[in-house]
Amino acid sequence: MSRISRRHMLGLLGAGIALPALVKAQDSSPIRIGCMLPLSGNGSIEGNQVFKGVKFAVAEVNAAGGVLGRKIELAVEDDESNTSKGVLAVRKLIEQEHVPLIIGTYASAVVVASMKVAKELKVPMLTGGSTGAIATDANTPGDPWFFRFFSDSTGQGYDTANAIINKFHAKRVAILHDTTGYGTDLAKQTTEVVQGAGGEIVANESYNIGDQDFSTILTRIRTLKPDVVYIGGWAADGATIVRQAASVGLRTQFVGSGSMLSDDFIKLAGPASENFAVATAYEASTPNKVGRAFGERFRKEYGYDPGMLNALGYYSAAIGIEALRRVGKPDGAAIQQMLANGMKDFPIGLGPEGTTADFNDKGSVDYPYFIAIIKNGKRVLDH
Amino acid sequence: MKKNLSLVILVLLLAAVPFLVQGSYIVSLLLLMLVYVILTTGLNLVTGFCGQFSFAQGAFFGIGAYTAGIMSRDLHTGFWVHLPAGMIITGLCGLLLGIPALRLKGHFLAIVTIAFQTIVYLGLVQWTSFTGGQNGLPVEPVGDVSLFGAHLFTIDGLRANYWLILTATVVLVVIAERLVKSRLGREWVAVRDDEVLASAIGLNATRAKLTAFVASAAFAGAAGVLMAHYMGNIAPDDYTIWISCTIVAMMIIGGKGSFYGPILGVALLTLLPEMLGDWARYRMLFFGVLLVLAIALMPEGIAGRVRKLRATKEAQA
Amino acid sequence: MDLLLQYLANGIVNGSNYVLVAVGLTLVFGILGVVNFAHGEFYMLGAYTGLILVINYGLPIWAALAGVLVVAVILGLGAEGLLNKMLKERDATSSIIASFGLAVVLQNSALIGFGPSPMLMQTKYSTIGVEMGPVYLPLQQLLIPVAMVALISVLYLVLRYTWTGRSLRAMAQHAVVARMCGVRVQRVAVITFIVSALLAGIAGFLMSSVYMVYPIIGNMIVLKAFTVVILGGMGNVAGAAAAGLLLGIVESLTSAYLGNGLRDIVGFVIVIAVLLLRPQGLFGRTFQRS
């Protein structure tokens with residue numbers, strides 16, 4: 001027994017030592033960039049959508065000849081929204097795949113732990129959908145190693161809550177949010193703003209992602225007669241809620257978040273999606289010219305309009321690759337400097353017209369979100 | 001004697017790895033394996049040796065980690081307080097879970113442990129004011145180690161954490177071995193093999209089962225605290241039922257009831273995803289298939305099969 | 001009062017779903033002593049089969065239902081072969097672990113095959129609703145308790161009055177003696193598994209037009225089903241029916257009056273309490289296990 005365990009272990013160690021050398025030997029022309037997302041487990045629906053956008057960006061770059069004369073390849077790791085896997089995956093990407101930048105990840109808690117490692121090993125990270133303020137808050141001001149080109153969930157919640165109060169003139173608001181960091185943060189922010197403006201939060205209920213039955217909670221909310229029902233979460237649950245709200249007779253203004261504008265959402269929610277409003281940074285009919293152009297290219301390739309998550313993935317990759325191009329070599333530390341200071345002129349398709357990758361001290365780009373409303377099964381931006 | 005010598009050599013080799021290997025990936029992989037060794041050895045105590053089925057090891061792992069996180073946030077204590085506190089608190093939770101074990105067998109017990117695991121996970125996620133919800137909690141690294149005011153060294157960063165966890169693993173595995181070989185350990189085995197008979201000859205089955213649960217939980221608690229201080233941020237998705245299943249699978253595939261078998265299982269199942277490369281998409285699928293094959297064809301695990309082969313060989317000699 | 005009725009109605013719909021899934025499980029658990037965690041995947045695959053046949057192949061509902069039944073039979077046969085025939089002689093927990101492995105395999109195959117995005121079966125009946133006084137239920141939701149009552153009644157009659165039914169009950173009491181009385185134990189085992197898969201598959205199919213379908217829906221439902229099985233008493237079909245409805249109603253009321261977040265927890269707390277205080281369930285008889 002002991003003989004076998006010793007031999008076994010030595011063999012494994014030997015293989016482990018040999019592996020990096022083997023990998024190095026295969027390191028030829030393409031530049032590999034890292035991509036770490038939840039592709040299975042919690043958050044995998046969102047992770048896969050972001051991934052689609054990332055792949056599209058890489059495909060476009062390669063079709064145009066690549067970067068620095070070399071093609072771009074993705075080294076992909078599935079972190080399953082699991083912190084210990086994320087931390088391990090980052091090391092693997094940097095040391096085994098020698099990536100100079102990592103696109104990732106989606107779960108903010110995983111980002112916080114992974115960032116530490118990425119910073120230690122001098123490789124910058126670009127968001128894979130993570131919106132939590134804790135991620136950019138963990139950056140040292142002035143020296144960010146995690147970059148996010150849209151406002152954190154605090155900002156999103158703020159914009160949405162303002163819309164609720166000013167645009168929809170709501171005094172009584174009911175909140176339904178999922179238990180992820182995203183949903184919880186949005187709910188908290190919305191509560192603060194609405195109450196600060198003198199409004200009342202008549203209900204604040206949570207649900208687990210994938211919960212199927214909301215009839216009871218929606219019936220109860222109906223009795224409270226809210227002016228607005230705010231849903232903090234992502235498209236799949238939002239669609240379920242909106243659909244069931246219609247069937248229990250809860251008719252009021254619904255305001256959503258995240259990807260609750262996507263074609264998927266409209267299809268799943270059906271006619272109940274009429275008049276649904278979402279605060280979003282990206283929508284295919286955005287006034288942002290760059291964003292519209294991206295939407296058209298995406299639609300030509302895939303046959304449907306990109307959603308916010310696809311756009312997120314796309315621009316994360318696009319910004320990273322552009323920074324790589326400007327630096328001229330796959331050097332993580334140099335790319336980080338370029339991202340932090342040198343991308344002010346690079347236009348991105350999110351946000352209002354003229355938004356660029358102008359990262360602030362904490363690695364974030366702040367701009368107000370739009371409100372988009374669904375009319376006749378189509379999204380209409382509210383200016 | 002020979003066995004002990006080869007184990008010592010193994011430990012020394014493991015300790016030397018940071019100097020032998022370039023980069024940090026291998027070290028961090030080994031670190032993860034060591035944590036799982038602690039978890040699986042703990043589970044083996046209650047399930048392999050005492051025969052009480054537990055799918056809750058992931059929950060205890062989480063309770064240990066969150067003890068460190070919450071104490072760190074509210075009491076501003078450090079690792080050296082968290083480690084014993086984590087083990088004690090988790091051990092008490094293990095006691096809590098052991099109580100249903102006194103009355104239930106086999107599948108019923110398994111279901112209770114699954115229910116416990118699910119409740120703990122849902123609690124971690126939903127009780128945001130206490131646990132920070134999905135955003136998790138930050139945990140400081142272990143930091144300075146001083147003896148009587150004299151600073152010895154600082155534990156921060158991968159290598160230092162690796163050696164700390166290696167030391168902890170060795171200590172805990174030795175403790176587990178002592179437990180298994182002690183009278184208590186033999187009581188566990190007696191209860192596993194035939195509880196009625198064990199009671200008939202005067203063993204206190206209640207005490208055996210409860211101590212087994214406490215011990216296995218305490219091990220998981222220690223693993224939780226160590227991991228929390230290494231990762232720097234803990235979140236509920238690290239302590240799901242799938243983690244519990246993975247630990248169970250490691251134990252089964254390695255060989256439950258054997259002492260070192262589960263360690264083999266840990267090595268195999270940790271390295272498997274790394275070896276898959278481009279097939280990583282199918283990782284969970286392989287895992288499921290492996291589990292079914294193991295249970296159907298080799299229920300005694302790798303270690304058990306080896307032992308059988310050895311016994312047959314000896315018998316033939 | 002109106003509201004309470006509505007909550008109860010919602011609870012009955014969910015509860016009926018639980019009943020369909022749990023009854024199959026209680027048969028397998030009670031008669032064969034096998035714990036089948038892959039049972040939730042029967043539900044999930046029943047839902048997907050129906051969805052794919054209707055949406056991708058444009059089949060009418062009846063044809064899709066037939067497809068679901070075929071898939072369920074295959075799954076039942078396969079599960080019996082693995083969990084019962086192969087693992088019968090081992091200790092109780094082998095079937096738990098093997099069924100877990102099976103569940104992982106089925107779930108991930110579905111994930112790879114169908115993708116993680118949720119789907120919903122939208123038919124021309126989707127928007128029709130039924131009003132019964134103060135209570136409003138969409139037609140597709142109302143179908144579920146109706147189907148449950150129909151199927152469970154049939155099952156109950158079969159168990160009570162047919163030879164197969166009596167064989168099942170005999171096996172639940174004592175397999176060896178049953179065999180001595182001429183019961184073909186292996187055949188009965190296969191039938192039991194198939195019936196359990198059929199019930200779960202039909203439940204999934206019915207629910208695919210009410211709730212979203214995606215690969216992991218089996219997880220929660222199997223845990224709820226086990227809760228119902230334990231509450232109702234192992235092997236007790238009528239008990240499972242009562243317990244399933246009870247759980248559905250309790251969850252609905254918890255969500256309405258205590259808070260939505262507690263809804264899932266309440267079931268688990270109940271099952272732990274029942275196992276501690278009354279392990280034979282609310283309706284079961286005390287059993288001896290040596």
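I began with charges over rings: the charged end of Lys52(A) sits over the ring of Tyr302(A), 6.0 Å from its centre. The criterion I applied requires NZ of Lys or CZ of Arg within 6 Å of the ring centre and within 35 degrees of the ring normal. I also noted Lys167(A) over the face of Phe168(A), at 5.3 Å from the ring centre.

This is a predicted model, in which local features need pLDDT of at least 70 and side-chain atom pairs count only at pLDDT 80 or more, while totals for chains, interfaces and linings use all residues. Residues are numbered from 1 along each chain as its sequence is written, chains are lettered from A and ligands numbered from 1 in the order in which they are written, and side-chain values use heavy atoms, with hydrogens and water left out.

Rings of Phe, Tyr and Trp (its six-membered ring) pair if their centres lie within 6.5 Å; planes under 30 degrees apart count as stacked, over 60 as edge-to-face and the rest as tilted. The pair of Phe147(A) and Phe359(A) is edge-to-face, because the ring centres are 4.9 Å apart and the planes stand at 65°. Phe147(A) lies in strand β5 (residues 146-147) of chain A and Phe359(A) in the loop between α13 (332-341) and β11 (370-375) of chain A, so the pair ties together parts 212 residues apart in sequence. Helices (H or I, at least four residues) and strands (E, at least two) are DSSP runs, numbered from the N terminus.

I recorded Phe147(A) as buried at 0% relative accessibility, and Phe359(A) as buried at 4%. Buried means under 20% relative accessible area, exposed over 50%, and partly exposed in between (1.4 Å probe, protein chains only).

Phe19(B) belongs to helix α1 (residues 2-20) of chain B and Trp163(B) to helix α7 (residues 158-181) of chain B, so the pair ties together parts 144 residues apart in sequence. Phe19(B) is exposed, with a relative accessible area of 58%, and Trp163(B) is partly exposed at 29%.

I returned to Tyr302(A), the ring under Lys52(A). Tyr302(A) belongs to one aromatic cluster whose members include Phe56(A), Tyr282(A), Phe294(A) and Tyr315(A).
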